Amino acid sequence: MSIDEYLQSLIPKRTGLIAEMEEYAGLHNVPIMEPEGMEALLQILRLENPQAILEVGAAIGYSALRMAEALPDVKIVTIERDEERIGVAKENIRKACAQNRVTLVEGDALEVTESIKEYGTFDAIFIDAAKGQYRKFFELYEPFLNDGGIIVTDNVLFKGLVAVKEEEIELRRIRSLVRKIKEYNVWLHNHPDYHTVILPIGDGVAISKHKGKRK
């Protein structure tokens with residue numbers, strides 16, 4: 001048994017709608033956060049206790065509903081551009097009776113910043129969308145973060161490929177994506193306004209904590 005398998009064995013089995021969403025994601029090849037990464041994210045959020053969260057990349061609403069379940073008082077705004085996934089996410093939010101707590105903004109996250117302004121600022125931002133655009137997402141939505149807030153980015157180890165020599169990656173598209181993720185990780189760690197650590201769980205989770213007052 002690997003460490004990942006051992007850790008997964010400790011996580012309580014999901015039931016009800018959450019289990020249904022996990023099954024749907026598996027059947028329809030919808031990327032959702034890996035179990036250990038999800039549990040780490042939820043624990044970090046419990047410790048931070050944010051009142052408002054912005055999620056970049058809703059997919060079918062899985063992470064948003066997990067966050068809403070873990071934090072009963074939180075309000076979540078989540079962005080999604082894929083029409084099919086938007087329909088599924090809306091239905092899942094309805095099934096969870098979370099319409100008053102989870103707001104789905106339809107559109108490309110690179111283009112809906114004006115719509116997000118209507119919701120004010122956030123205590124936490126969760127980035128889990130197109131990996132090649134991570135830095136752009138961070139730069140676009142970081143101004144919406146309250147002083148001292150956190151930004152969490154998923155998939156920053158990209159199945160371990162960030163540690164593989166570039167010439168060993170056969171597909172050019174994957175090489176380019178890995179290069180962008182590696183550049184993002186370095187940029188994050190050198191950002192003057194944030195303390196960042198990468199947790200090697202799930203597919204790699206970066207936690208960036210705002211240092212305090214903005215200039």
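Visitor: How far apart are the mean positions of the positive and negative charges of the chain?
Guide: They are 3 Å apart in this predicted model.

Visitor: What makes the radius of gyration agree with a compact globule?
Guide: The rule is 2.2 Å times the number of residues to the power 0.38. For 215 residues, that puts a compact globule near 17 Å. The chain has 17 Å, so the two agree. Along the principal axes, the C-alpha atoms fill a box of roughly 50 × 50 × 35 Å.

Visitor: Which secondary structure does the chain contain?
Guide: There are 8 helices and 7 strands.

Visitor: What share of the contacts in the chain with a separation of 6 or more joins residues 24 or more positions apart?
Guide: That share is 66%. A contact here requires heavy atoms within 4.5 Å.

Visitor: What part of the accessible surface belongs to carbon and sulfur atoms?
Guide: They hold 50% of a surface of about 11,600 Å². As for burial, 46% of the 215 residues are buried.

Visitor: Why is Val-152 called buried?
Guide: Buried means under 20% relative accessible area. Val-152 has 1%, so it is buried. It sits in strand 5. Beyond its sequence neighbours within four places, Val-152 is in contact with Leu-41, Ile-125, Phe-126, Ile-127, Val-205, Ala-206 and Ile-207.

Visitor: Which residues have the most contacts inside the largest nonpolar core?
Guide: They are Leu-41, Leu-45, Ile-53, Met-67, Ile-76 and Val-102, in a core of 32 residues. Helices 2 (16–27), 3 (35–48), 4 (62–70) and 5 (83–95) each give two or more residues to this core. Strands 4 (122–127), 5 (145–154) and 7 (205–210) do likewise. Apart from it lies another core, of 25 residues, including Ile-116, Ile-151, Val-156 and Trp-187.

Visitor: Which residues does Leu-45 contact, leaving aside its neighbours within four places in sequence?
Guide: Leu-45 is in contact with Pro-50, Ile-53, Met-67, Leu-71, Ala-124 and Ile-150.

Visitor: Why is Leu-42 called buried?
Guide: The cut-off is under 20%. Leu-42 has a relative accessible area of 3%, so it qualifies. Leu-42 belongs to helix 3. Its contacts, sequence neighbours within four places left aside, are Arg-66, Met-67 and Ala-70. Between the C-alpha atoms of Leu-42 and Lys-131 there are 21 Å, at 89 residues apart along the chain.

Visitor: Why is helix 4 called largely enclosed by the rest of the structure?
Guide: The count decides it: 7 of its 9 residues are buried, so helix 4 is largely enclosed. The buried ones are Tyr-62, Ser-63, Ala-64, Leu-65, Arg-66, Met-67 and Ala-68.

Visitor: What makes the phi of Ala-59 stand out?
Guide: Phi is near 55°, a positive value in a residue other than glycine. Ala-59 lies in the loop between strand 1 (52–56) and helix 4. Its relative accessible area is 10%, so Ala-59 is buried.

Visitor: And Lys-159: buried or exposed?
Guide: Exposed means over 50%. Lys-159 has 64%, so it is exposed. Its phi is also positive, about 55°, although it is not a glycine. The residue lies in the loop between strand 5 and helix 8 (172–189).

Visitor: Why is Lys-211 called partly exposed?
Guide: Its relative accessible area is 48%, so Lys-211 falls between the cut-offs of 20% and 50%. Lys-211 is in the segment after strand 7. Sequence neighbours within four places aside, Lys-211 is in contact with His-191, Pro-192, Asp-193, Tyr-194 and His-195. From Lys-211 to Gly-148 the C-alpha distance is 5.8 Å, at 63 residues apart in sequence.

Technical notes: Residues numbered from 1 in each chain as written. Predicted model: local features only at pLDDT ≥ 70, side-chain atom pairs only at ≥ 80, totals over all residues. Heavy atoms only, no water. Helix = DSSP H or I, 4+ residues; strand = E, 2+ residues; numbered from the N terminus. Buried < 20%, exposed > 50% of the residue type's maximum accessible area, 1.4 Å probe, protein only. Areas by Shrake-Rupley, 256 points an atom, 1.4 Å probe, with all protein chains shown as cover. Lys, Arg positive; Asp, Glu negative; His and termini not counted. Charge placed at Lys NZ, Arg CZ, Asp CG, Glu CD. Core = buried A, V, L, I, M, F, W, Y, C linked by side-chain atoms within 4.5 Å.
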